[in-house]
Amino acid sequence: MQNRPSDPATLLTTTGTDWAGFPFVIQEAESATHDYGMEFTTYWLALVVGGTCKTTLESGRKSRALEFVPGTLAAYPPGVHWDRMVYVGHVKSIVFNINCAHITDTAAVTNRITSSLKHSLPCEKDRLMFRIAQLMVDEVGSGCLNGSLYAESLSIALASRLQKLLDSASPNIHDTLRNISATKVRSLRDLIEAEIDKDLSVSRLAQQIGLSPSYFAECFRQTFGCSVHQYVLSKRVNRAMELFAARRLSAAEIALACGFASQSHMSTAFKRTTGVSPTVYARTF
């Protein structure tokens, strides 16, 4: 008779929030021994941030013993099945559903990433993966103030890092990065200028020049020398500076006109970029 565990305690979830990236939960599993089977229907990634556990996986004649401590991760593609899993321990982990359908209008354009996510990482360590995950947790914890573009950028970074760790993608996946042409750069700049007040997304900008979001993000960084999010944020601040100089709108109206999530979000970005608050800057005119 199988002994299935009770559901882990959920400490944080993206469900019901404005988060536009990969869904995730922070959960804490009870300290106990469980013996049961398991199968994944989506690509599953778990990063252990607290506690320890020992796991034995068995399927047919195959058996694998794993030990997880803070800093280790596990990743498994859909379809992975174990007849028996013995779990002993008590861990706190961040669990992601790596599903690109959550970060783009058309999942097919993300094949450059998803086509390589077909293999497992049973027990690895990677500081960069944890850093990206922490930025995602911080963003959800703060109320998703940076919008869809930031959420998508972090999700693409997480999936790209996972792709590199898997190191098993077919050669045709690793296209040579190229600079975005001058014509397409102008097209992107015009679009950002025209829609600076909207919640711009990586997929929206990528669609403008006919690239997949993941490949676009990499080519954009190579061409512009910064991430999509950093570039758009700088343009929002520049627009805010122009509007403050014109002295026709209130700070709240300027924040809205520049696409910031709130006036406080604008103030934080403005000061980080210019070194002064919007209030101090406005007094110079």
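This is a predicted model: local features need pLDDT of at least 70, side-chain atom pairs count only at pLDDT 80 or more; totals for chains, interfaces and linings use all residues.
## Salt bridges in the model

A salt bridge is a side-chain nitrogen of Lys or Arg within 4 Å of a carboxyl oxygen of Asp or Glu.

## Asp126 and Arg161

Asp126 forms a salt bridge with Arg161, and the closest N and O atoms of the two are 2.7 Å apart. Because Asp126 lies in the loop between β8 (121–125) and α2, while Arg161 belongs to helix α3, the pair ties together parts of the chain that are 35 residues apart in sequence.

The two partners fall into separate classes of accessibility. Asp126 has a relative accessibility of 9% and therefore counts as buried, whereas Arg161, with a relative accessibility of 23%, counts as partly exposed.

## Helices α2 and α3

Helix α2 covers residues 127–141 and helix α3 covers residues 147–166; their axes come within 10 Å and cross at roughly 160 degrees. Since angles over 145 degrees count as roughly antiparallel, this crossing makes α2 roughly antiparallel to α3. The crossing in which α2 passes α3 is left-handed.

On the α2 side, the contact is made by Leu128, Met129, Ile132, Ala133, Leu135, Met136 and Glu139. On the α3 side, the residues are Gly147, Tyr150, Leu154, Ser155, Ala157, Leu158, Arg161, Leu162 and Leu165, so that Arg161, the salt-bridge partner of Asp126, is also listed in the contact with α2. Sorted by class, the contact of α2 with α3 has 12 nonpolar, two polar and two charged residues.

## Arg239 and Glu193

A further salt bridge joins the side chains of Arg239 and Glu193, with an N to O distance of 2.8 Å. This pair links distant parts of the chain, for Arg239 sits in helix α7 (residues 228–246) and Glu193 in helix α4 (residues 182–194), 46 residues apart. Arg239 has a relative accessible area of 19% and is buried, the cut-off for that class being under 20%.

## Glu195 and Arg204

The side chains of Glu195 and Arg204 also meet in a salt bridge, with 3.0 Å from N to O. Glu195, at 16% relative accessibility, counts as buried, while Arg204, with a relative accessible area of 28%, is partly exposed.

Key. Residues are numbered from 1 along each chain as its sequence is written. Side-chain values use heavy atoms; hydrogens and water are left out. Axes are lines fitted to C-alpha atoms, for helices over the stretch in contact, and angles run from 0 to 180 degrees between N-to-C directions. Helices (H or I, at least four residues) and strands (E, at least two) are DSSP runs, numbered from the N terminus. Angles under 35 degrees count as roughly parallel, over 145 as roughly antiparallel, 65 to 115 as roughly perpendicular and the rest as oblique. A crossing is left-handed if the near helix is turned anticlockwise from the far one by less than a right angle, and right-handed if clockwise. Contact means heavy atoms within 4.5 Å. Ala, Val, Leu, Ile, Met, Phe, Trp, Tyr, Cys and Pro count as nonpolar, Asp, Glu, Lys and Arg as charged, and the others, Gly among them, as polar. Buried means under 20% relative accessible area, exposed over 50%, partly exposed in between (1.4 Å probe, protein chains only).
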